[in-house]
Amino acid sequence: PTTKKMSKASPLVVKFMLMSMGTAAFYGVATLFAPWSLAKDWMYPAAAASSDEGYDAFRFLLSACLLGWANGKYQVARLGPSACVEFCKTNVAPMLIFVWASAKAGAWDTPVWGMFTAAYIYFGYIA
């Protein structure tokens with residue numbers, strides 16, 4: 001049998017995946033409990049055109065999506081470095097869309113999502 005040589009970043013990609021999972025989980029839980037006044041300014045400025053009532057209906061769906069995304073990252077991390085690398089590759093396009101939407105909304109945390117996207121590119125295509 002042949003063995004595939006793992007890159008030096010292999011253990012690091014799993015740690016990155018777990019950190020990314022924690023971020024998605026944090027946002028998912030925070031979304032459930034954050035009032036609209038906080039969410040529109042600090043968490044989701046792209047949704048600022050919405051209203052308190054609109055956010056109340058939307059936040060449960062958004063929270064479920066974020067927690068599901070966090071779970072997917074956790075499961076990928078459990079599968080090991082190869083699965084993490086593949087996840088990073090396929091997550092670049094959605095992250096680019098997210099960074100674009102965040103920048104367009106003037107979100108304060110756009111650079112954070114840009115750094116996450118750069119890490120997905122690094123671990124998916126370079127490392």
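How many residues does helix 5 have, and what distance does helix 5 reach from its first C-alpha to its last? Helix 5 has 17 residues and reaches 23 Å, close to the 24 Å expected at 1.5 Å a residue; the expected span is 1.5 Å times one less than the number of residues.

The model is predicted, with local features needing pLDDT of at least 70, side-chain atom pairs counting only at pLDDT 80 or more, and totals for chains, interfaces and linings using all residues. Residues are numbered from 1 along each chain as its sequence is written, and side-chain values use heavy atoms, with hydrogens and water left out.

**View 1. The protein chain comprises 5 helices and 0 strands.** Helices (H or I, at least four residues) and strands (E, at least two) are DSSP runs numbered from the N terminus. Among contacts (heavy atoms within 4.5 Å) with a separation of 6 or more, 69% are between residues 24 or more positions apart.

**View 2. Helix 5 carries buried residues covered by other helices.** Thr 110, Trp 113, Phe 116, Thr 117, Ala 119, Tyr 120, Phe 123 and Gly 124 are buried in this helix. Their cover includes helix 1 (10-33), helix 3 (52-79) and helix 4 (81-105).

**View 3. Tyr 120 belongs to the largest nonpolar core.** Such a core is a set of buried Ala, Val, Leu, Ile, Met, Phe, Trp, Tyr and Cys residues joined through side-chain atoms within 4.5 Å. Of its 27 residues, Phe 16, Met 17, Tyr 44, Cys 84, Cys 88 and Tyr 120 touch the most other members. Helix 1, helix 2 (36-43), helix 3, helix 4 and helix 5 each give two or more residues to this core. Not counting residues up to four places away in sequence, the residues that Tyr 120 touches include Phe 16, Met 17, Lys 73, Cys 88 and Tyr 125.

**View 4. Ser 102 is found in helix 4.** Ser 102 counts as buried because its relative accessibility is 7%. Residues up to four places away in sequence aside, Ser 102 touches Ala 107, Thr 110 and Trp 113.

**View 5. Ile 121 lies in helix 5 (residues 110-126).** Ile 121 counts as partly exposed because its relative accessibility is 32%.

Terms used:
Buried means under 20% relative accessible area, exposed over 50%, partly exposed in between (1.4 Å probe, protein chains only).
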